[in-house]
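Q: Please show me how to read the features of this structure, taking them one at a time.

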Amino acid sequence: YNIIIFMIINIKDLKNKIIYRANYRGTKEMDELLSSFTKKYINQLKKEELTLLCNLLDYDDESLYKLNQDLPMSIKIETNKVVELFKSYKFNNK
């Protein structure tokens, strides 16, 4: 019972960390892109996928922008479900 409560709190903390990191990137464009992506998918992701999202947020803004826009990149980002979701995500700020 206590383990379940700890896991729920742990997942909540992880989600809060992800939301914070997605919202405060450094550029307004990336703040908007990543925060809207995170809002759309965060409650659909399992714990392992949340960890993948957290890892994705470790990349710099330029690399994430190029990944999302399908532009040539100087680094390799390992493909997984979250990366594929982000690559196919189209942000419309209108």
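Q: What is the mean pLDDT of the chain?
A: The pLDDT is the predictor's confidence in each residue, on a scale from 0 to 100. Here the chain has a mean pLDDT of 90, and 88% of its residues reach 70 or more. This is a predicted model, in which local features need pLDDT of at least 70 and side-chain atom pairs count only at pLDDT 80 or more, while totals for chains, interfaces and linings use all residues. Residues are numbered from 1 along each chain as its sequence is written, and side-chain values use heavy atoms, with hydrogens and water left out.

Q: How many helices and strands are in the chain?
A: Helices (H or I, at least four residues) and strands (E, at least two) are DSSP runs, numbered from the N terminus. This chain has five helices and zero strands. Read from the N terminus, its elements run α-α-α-α-α.

Q: Where in the chain is confidence lowest, and where is it highest?
A: Confidence is lowest in helix 1 (residues 2-23), with a mean of 81. It is highest in helix 5 (residues 81-88), at 98.

Q: What share of the residues in the chain is buried?
A: Buried means under 20% relative accessible area, exposed means over 50%, and partly exposed lies in between (1.4 Å probe, protein chains only). Of the 94 residues in the chain, 35% are buried.

Q: Which residues of the largest nonpolar core touch the most other members?
A: A nonpolar core is a set of buried Ala, Val, Leu, Ile, Met, Phe, Trp, Tyr and Cys residues joined through side-chain atoms within 4.5 Å. The largest one here has 23 residues, and I18, L34, F37, L53, L56 and F86 touch the most other members. Helix 1, helix 2 (28-41), helix 3 (47-56), helix 4 (61-69) and helix 5 each supply at least two residues of this core. The largest share, five residues, comes from helix 2.

Q: Which residues does L53 touch?
A: Contact means heavy atoms within 4.5 Å. Leaving aside residues up to four places away in sequence, L53 touches I18, F37, L45 and V82. For the chain, among contacts between residues at least 6 apart in sequence, 59% join residues at least 24 apart.

Q: How is a pair of packed helices described, and at what angle do helix 2 and helix 5 pack?
A: Two packed helices are described by the angle between their axes and the distance between the axes. Axes are lines fitted to C-alpha atoms, for helices over the stretch in contact, and angles run from 0 to 180 degrees between N-to-C directions. Helix 2 and helix 5 pack at about 120 degrees, with their axes 11 Å apart. Angles under 35 degrees count as roughly parallel, over 145 as roughly antiparallel, 65 to 115 as roughly perpendicular and the rest as oblique. Helix 2 and helix 5 are therefore oblique to each other. In this pair, L33, L34, F37 and Y41 of helix 2 meet V82, L85 and F86 of helix 5.

Q: At what angle do helix 4 and helix 5 cross?
A: The axes of helix 4 and helix 5 cross at roughly 75 degrees and come within 6 Å. The two helices are therefore roughly perpendicular to each other. Their contact is made by L64, L67 and N68 of helix 4 and V83, F86 and K87 of helix 5.

Q: At what angle do helix 3 and helix 5 cross?
A: Their axes cross at roughly 60 degrees and come within 8 Å. That makes helix 3 oblique to helix 5. Here E49, L52, L53 and L56 of helix 3 meet K81, V82, V83 and F86 of helix 5.

Q: Is S63 buried or exposed?
A: S63 is found in helix 4. At 8% relative accessibility, S63 counts as buried. Not counting residues up to four places away in sequence, S63 touches M73 and I75.

Q: What is the phi of D70?
A: Most residues other than glycine have a negative phi. D70 has a phi near 60 degrees, a positive value in a residue other than glycine. D70 lies in the loop between helix 4 and helix 5 and is exposed, with a relative accessible area of 65%.

Q: What distance separates the C-alpha atoms of N10 and K47?
A: They are separated by 9.5 Å, although N10 and K47 are 37 residues apart along the chain. N10 is in helix 1 and counts as partly exposed, at 28% relative accessibility.
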